[in-house]
Amino acid sequence: WGTLHGTFFPTSEMIDAYRLFVYFRGANDGVDIEIDNVSIMTYSLDCSNVVKNGDFEVGDFRGWSQTTAGGVPSMFTPGASGTSFAMMVSDRTYLNWGMEQELDMDCLESPAQYHVAAKIKLMDGGNPFTCNANVIYGSDGCPVAAISSEQATGTRTRDVSAVVGSADVDGWYDMRGIFELYESDVASNKVKLVFKDAPPTIDLIVDEVVMTKVESPVGFE
């Protein structure tokens, strides 16, 4: 069984309609579709953590996908800090292959500073891979988190969070960083949080992803 999920905002036509229908499509010709546990629930905006499903404890990676460049997403178990699940992208050919989430624009403000933290693990053929927190883009470099803003003139990407220190006994690294969100970001069509730049062929695993607004920002009046 796979999980389908999504968020939509009803239009005035939908609200005024006498009847609404939910339908499922997209399977190839000749393929049967089975569905179960269908529900539609009211969505409540919660910006305490801008990232949705950052701990993956629902058992799937809803809200996340592999980057458009490539890679194969899947669940990884166990997760960090004794949790059950994390997200992994394997079959990575290039540095920038990883995972990403499109952020809810209603949770983003400017000028403002945000703190991004996560747990990172790397695997090589089923064995833990050690990266050097002082190296990026190298054969032993550690991955980074980046903010990617899709604007009319193109996509602007900048690194905002990096690995600090060494891995714990289970092979998990801490990643953290603080960055400023610009007016141009908030005016973008889309803003994504992207995890990338692990060495090619190395499986990239993330868990406990948190992005919160800094309430006492540095350098702000």
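This section describes the fold, the nonpolar cores and selected residues of the protein.

The structure is a predicted model, in which local features require pLDDT of at least 70 and side-chain atom pairs count only at pLDDT 80 or more, whereas totals for chains, interfaces and linings use all residues. Residues are numbered from 1 along each chain as its sequence is written, and side-chain values use heavy atoms, with hydrogens and water left out.

The protein contains 2 helices and 11 strands, where helices (H or I, at least four residues) and strands (E, at least two) are DSSP runs numbered from the N terminus. Read from the N terminus, the order of elements is α-β-β-β-β-β-β-β-β-β-α-β-β. The C-alpha trace spans about 60 × 50 × 35 Å along its principal axes. Of the contacts with a separation of 6 or more, 70% are between residues 24 or more positions apart, a contact being defined by heavy atoms within 4.5 Å.

Buried residues account for 37% of the 221 residues. Here, buried means under 20% relative accessible area, exposed over 50%, and partly exposed in between (1.4 Å probe, protein chains only). There are 14 positive and 32 negative side chains, and the centres of the two sets lie 3 Å apart. In this count Lys and Arg are positive and Asp and Glu negative, while His and the chain ends are not counted; each charge is placed at NZ of Lys, CZ of Arg, CG of Asp or CD of Glu.

In soluble globular proteins, nonpolar side chains tend to be buried together. A nonpolar core is defined as a set of buried Ala, Val, Leu, Ile, Met, Phe, Trp, Tyr and Cys residues joined through side-chain atoms within 4.5 Å. The largest such core comprises 36 residues, of which Leu103, Leu193, Phe195 and Met211 touch the most other members. At least two residues of this core are supplied by each of the strands S3 (86-90), S5 (112-124), S7 (144-151), S8 (154-164), S9 (173-181), S10 (190-196) and S11 (203-213). Strand S5 provides the largest share, 6 residues. Another core, of 7 residues, lies apart from the largest one and includes Phe76, Met88, Met123 and Trp172. When neighbours within four places in sequence are set aside, Leu103 is in contact with Val50, Val51, Leu108, Ile147, Val191, Lys192, Leu193 and Met211.

Serine 148, in strand S7, counts as buried at 8% relative accessibility. Its C-alpha atom is separated by 6.4 Å from that of leucine 193, 45 residues apart along the chain. Beyond neighbours within four places in sequence, the contacts of serine 148 are Thr155, Arg156, Thr157, Lys190, Val191, Lys192 and Val194.

Two loop residues are also buried. Isoleucine 202, in the loop between S10 and S11, is buried at 4% relative accessibility. Not counting residues up to four places away in sequence, isoleucine 202 touches Arg92, Leu122, Met123, Asp124 and Phe129. Glycine 171 lies in the loop between S8 and S9 and is buried, with a relative accessible area of 14%. With neighbours within four places in sequence left aside, glycine 171 is in contact with Ile120 and Lys121. The C-alpha atoms of glycine 171 and alanine 80, 91 residues apart along the chain, are separated by 9.1 Å.

Several backbone features were also identified. The peptide bond from threonine 77 to proline 78 is cis, with omega near 0°, and proline 78 is found in the loop between strand S2 (72-76) and S3. A cis bond with omega near 0° also runs from serine 110 to proline 111, in which proline 111 belongs to the loop between strand S4 (99-102) and S5. Asparagine 37, a residue other than glycine, has a positive phi near 55°. Asparagine 37 occurs in the loop between helix H1 (12-16) and strand S1 (65-66) and is exposed, with a relative accessible area of 71%. Glutamate 208 has a positive phi near 50°; this residue is found in strand S11 and is partly exposed, at a relative accessible area of 26%.
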